[in-house]
Amino acid sequence: MAAKKKASTERKQKARVKAAAAKQKLRDRVAAAASAVAEAKAEVAATRKRQDLLIRMAERKEAAVAKFVESWSKKEMAKIEKALKPKARKRR
């Protein structure tokens, strides 16, 4: 009877150790997954920020190009208008 009780106690002890090891392994896997998720979130945030900055840069670039083209066109039109005006002749 004592041998059965001892064997039973040993089995229970081994089961407890296995359960603790499995629980720790599960905790480690959950921690690793949480770490990976946090890393992915940080990467997504950085990508979003980069994308927003690129969009803003493109908008500014477009505005700058439009402004340049407008001023350049104005200057060119002034040159054309000046060239079309009759030249004043010198009087003697």
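In which helix does Glu-39 lie? Glu-39 belongs to helix H1. The model is a predicted one. Helix H1 runs over residues 2-84. In secondary structure, the protein chain comes to one helix and zero strands.

The overall dimensions come next. Along its principal axes, the C-alpha trace of the protein chain spans about 145 × 15 × 10 Å. The radius of gyration of the chain is 40 Å. A compact globule of 92 residues would instead have a value near 12 Å.

Arg-11 is placed in helix H1. Arg-11 and Gln-24 stand 13 residues apart in sequence, and 20 Å separates their C-alpha atoms. Glu-39 and Leu-54 are 15 residues apart along the chain. Their C-alpha atoms are separated by 22 Å. Ala-45 is also a residue of helix H1. From Ala-45 to Glu-10 there are 35 residues in sequence and 52 Å in space, C-alpha to C-alpha. Glu-43 is found in helix H1 as well. Glu-43 and Ala-88 are 45 residues apart along the chain, with 69 Å between their C-alpha atoms.

Accessibility was then computed. Buried residues make up 0% of the 92 residues in the protein chain. A residue is buried under 20% relative accessible area and exposed over 50%; in between, the residue is partly exposed. Glu-39 has 58% relative accessibility, so Glu-39 counts as exposed. Arg-11 is exposed because its relative accessibility is 58%. Glu-43 has a relative accessible area of 56% and is therefore exposed. Ala-45 is at 43%, so Ala-45 counts as partly exposed. The protein chain as a whole exposes about 9,700 Å². Carbon and sulfur atoms supply 60% of this area.

Part of the surface is nonpolar. Which residues make a nonpolar surface patch of about 410 Å²? The patch is made by Val-65, Phe-68, Val-69 and Trp-72. Phe-68 has its place in helix H1. Phe-68 counts as exposed because its relative accessibility is 53%.

The protein chain has 30 positive and 10 negative side chains. The centres of the two sets lie 5 Å apart. Side chains of opposite charge can pair when their charged atoms come close. How many salt bridges does the count come to? The count comes to one salt bridge. In this bridge, the side chains of Glu-76 and Lys-79 meet at 3.6 Å, N to O. The cut-off is 4 Å, so this nitrogen-oxygen pair qualifies. Both Glu-76 and Lys-79 lie in helix H1. Three residues set the two apart, about one turn of the helix.

Conventions. Residues numbered from 1 in each chain as written. Predicted model: local features only at pLDDT ≥ 70, side-chain atom pairs only at ≥ 80, totals over all residues. Heavy atoms only, no water. Patch = residues over 30% accessible without salt bridge, like charges linked within 9 Å, V, L, I, M, F, W, Y side chains within 5 Å. Areas by Shrake-Rupley, 256 points an atom, 1.4 Å probe, with all protein chains shown as cover. Helix = DSSP H or I, 4+ residues; strand = E, 2+ residues; numbered from the N terminus. Buried < 20%, exposed > 50% of the residue type's maximum accessible area, 1.4 Å probe, protein only. Rg over C-alpha atoms; globule rule 2.2 N^0.38 Å. Lys, Arg positive; Asp, Glu negative; His and termini not counted. Charge placed at Lys NZ, Arg CZ, Asp CG, Glu CD.
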